[in-house]
Amino acid sequence: MPILDAATKSELTKLYEAADRHYHGLRHIEALLALLEGHRQAFADPEAVEAAIWFHDAIYDSRRKDNEAASAELAADRLSGHVDDARLARIVAMIEATATHQVPDFEHEAARQDAALFLDMDLSILGAPAEGFDAYEAAVRREYGWVSDADWRVGRAAVLRNFLARPRIFHTDILARRFEARARANMQRSLEALEA
């Protein structure tokens with residue numbers, strides 16, 4: 001049974017349709033929901049993951065450092081009383097994990113696997129074909145339009161180097177096979193352009 005009712009989805013849709021959402025908008029949510037449907041059988045609790053998808057970027061202001069925590073707080077507020085406490089805690093933890101893309105240390109392996117696949121889906125744009133990745137990067141740059149070009153190059157290069165330094169960008173075999181190689185190629189190409 002779905003966790004989110006029509007009113008909550010409508011409220012969230014309005015947030016995602018804000019004019020300053022160039023990447024972190026409704027199309028991003030729709031892309032993740034499509035991935036969820038494509039891999040639904042791989043999830044232990046697909047409804048909880050769907051709720052995490054809907055809420056994970058609900059609060060997004062490129063000048064803030066607490067977007068993930070604020071989005072998780074909104075989810076906790078809106079979903080309290082609609083799901084049991086343990087399930088809500090998992091949803092909140094998945095949303096908070098999008099700050100670092102490290103899998104939460106859940107007690108149950110199924111919950112860890114759901115979170116890993118959710119986090120991988122959130123990063124799937126990194127492994128998009130080159131034109132899709134470039135459009136994503138341009139959209140994120142627009143979201144950070146207030147940052148000078150020099151500061152953007154330094155900050156973005158640090159983010160890309162951080163991901164490239166990981167032994168694996170994607171936690172799950174299923175999405176690593178699909179996206180890892182192209183994500184590395186995309187980010188390396190972007191890093192070289194930033195540092196040129």
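Trainee: Which residues in α8 meet α9?

Mentor: This is a predicted model, where local features need pLDDT of at least 70, side-chain atom pairs count only at pLDDT 80 or more, and totals for chains, interfaces and linings use all residues. Residues are numbered from 1 along each chain as its sequence is written, and side-chain values use heavy atoms, without hydrogens and water. Contact means heavy atoms within 4.5 Å. On the α9 side sit Arg184, Met187, Gln188, Ser190, Leu191, Leu194 and Glu195, and from α8 they meet Trp152, Arg153, Arg156, Ala157, Leu160, Arg161, Phe163 and Leu164.

Trainee: How do the residues of that contact divide by class?

Mentor: Ala, Val, Leu, Ile, Met, Phe, Trp, Tyr, Cys and Pro count as nonpolar; Asp, Glu, Lys and Arg as charged; the others, Gly among them, as polar. The contact of α8 with α9 divides into eight nonpolar, two polar and five charged.

Trainee: At what angle do α1 and α3 pack?

Mentor: Thr8, Lys9, Leu12, Thr13 and Tyr16 in α1 meet Glu50, Ile53, Trp54 and Phe55 in α3. That contact has five nonpolar, two polar and two charged residues. The axes of α1 (residues 6-16) and α3 (residues 46-55) are 10 Å apart, and the angle is about 35°.

Methods
Helices (H or I, at least four residues) and strands (E, at least two) are DSSP runs, numbered from the N terminus. Axes are lines fitted to C-alpha atoms, for helices over the stretch in contact, and angles run from 0 to 180 degrees between N-to-C directions.
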